[in-house]
Amino acid sequence: MRNRKTSILIINTEGKGNRTLLIPTKLLLHWKKYFAVVVLVILCLITALGFTIFHRTSEIYQAEIEKADKIKNLINVPKARQTFQSIDESIFRINQLLDSRGLAQMNFENMGGPENIDVIKINELADFYKEQLNDLEETLKSVPIGNPTLSDNIISKYGYRRNPFTGHGAEYHSGIDIKGERGASIRTTANGTVEFAGWYGGYGKCVIVKHENNLKTLYGHLSEISVSESDKIESGQIIGKLGSTGRSSGPHLHYEIIKNNEKVNPNDYFNFQ
Ligand SMILES: [Zn+2]
């Protein structure tokens, strides 16, 4: 019974090549059971396949979520906000500095930063601008920029000029003369160290301040000196009062800028344009 087979005869209607199929009798008697087993196996396969697909998909999503978290951490909104606020404050301080020296405020539209802004790089970008501005602020403090007096009445320019005493013949004027009220405050135009403070021949009472980058400033014909040699002074600090000491024809400040031991035109340092 166990190995019995049932013959199925397939008859060709054209009368040739009839075929006989031998099928286990068991299969014919219990086909429902076998069919159920086959269906079960197929269902199992489908379930396994579905599970694999779901697993793969969730792995992809997991990776995406991790990536998103990473980006979120990189952006670090509060830090970026803090940095930008610090940039605002730097610009405010720089503008105050320029304003105190009677200069037009700067336009910060193009600082030469990177052009393509990737959102992930926002913190690096903020740091970049912050650094640039800090550098600029430091440079502004150590380079003599602007006017040491509140007056902009320049009565004599740098270069060759007619002799102011004799009225004829040319003489080289090593600085600029700014006319002002006797006793008006004279302020240094950059951070530095007082190199000389005292009587200096035709300059009268004179102060020379040494700055970074081989730059010096000289303030002549003062009526009073309020700093001493070797004093460390800050940009905008009062160093003395306007006067007419030495070879002077009236109250004015003689102002010089000395670069690499050469007297240069202070006018170049009055403005950025
Ligand atoms: Zn002069």
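## A walk along strand E14

Start by selecting residues 215-222, which form strand E10, together with strand E14; the two pair in the antiparallel sense over 6 bridges. Keep in mind that this is a predicted model. Now pick out Leu215: its bridge partner in E14 is Lys259.

What holds such neighbours together? Strands of a sheet pair through backbone hydrogen bonds, in either a parallel or an antiparallel way.

**Stop 1: E14 itself.** Select residues 252-259. How many of the 8 residues in E14 are buried? The count is 7, and the strand is mostly covered.

**Stop 2: another partner, E6.** E6 pairs with E14 over 4 bridges, in the antiparallel sense. Click on Lys179 and look across to E14: His252 stands opposite.

Stop 3: Next, select residues 262-264, strand E15. E15 and E14 share 3 bridges and pair in the antiparallel sense. Ile257 stands opposite Val264 in E15. The two strands form a hairpin, with 2 residues between them. Stop at Asn260 in the turn, which has a positive phi of about 50°.

Stop 4: Go back to E6 and follow the chain onward. Is Gly183 buried or exposed? Gly183 is exposed, because 11 other C-beta atoms lie within 10 Å, and a residue counts as exposed at 12 or fewer.

Leave out residues up to four places away in sequence, and Gly183 still touches Ser223, Lys241 and Leu242. Gly183 and Gly240 are 57 residues apart along the chain, and their C-alpha atoms are separated by 8.4 Å.

**Stop 5: a sheet of 3 strands.** Show E7, E13 and E11. In what order do the 3 strands form their open sheet? The order is E7-E13-E11, with antiparallel pairing. E7 and strand E11 (224-225) are the edge strands, each pairing on one side only. Zoom in on E11 and strand E13 (residues 238-241): 2 bridges join them. Glu224 has Lys241 in E13 as its bridge partner. Lys241 is also one of the residues that Gly183 touches.

**Last stop: the whole chain.** Zoom out. The chain has 4 helices and 15 strands. Of its 273 residues, 21% are buried. Take the contacts between residues at least 6 apart in sequence: 60% of them join residues at least 24 apart.

Conventions
Residues are numbered from 1 along each chain as its sequence is written. This is a predicted model: local features need pLDDT of at least 70, side-chain atom pairs count only at pLDDT 80 or more; totals for chains, interfaces and linings use all residues. A residue is buried if 20 or more other C-beta atoms lie within 10 Å of its own, exposed if 12 or fewer, and partly exposed in between; C-beta atoms are placed from the backbone. Two residues are in contact if their C-beta atoms, placed from the backbone, lie within 7 Å. Two strands pair if DSSP finds at least two bridges between them.
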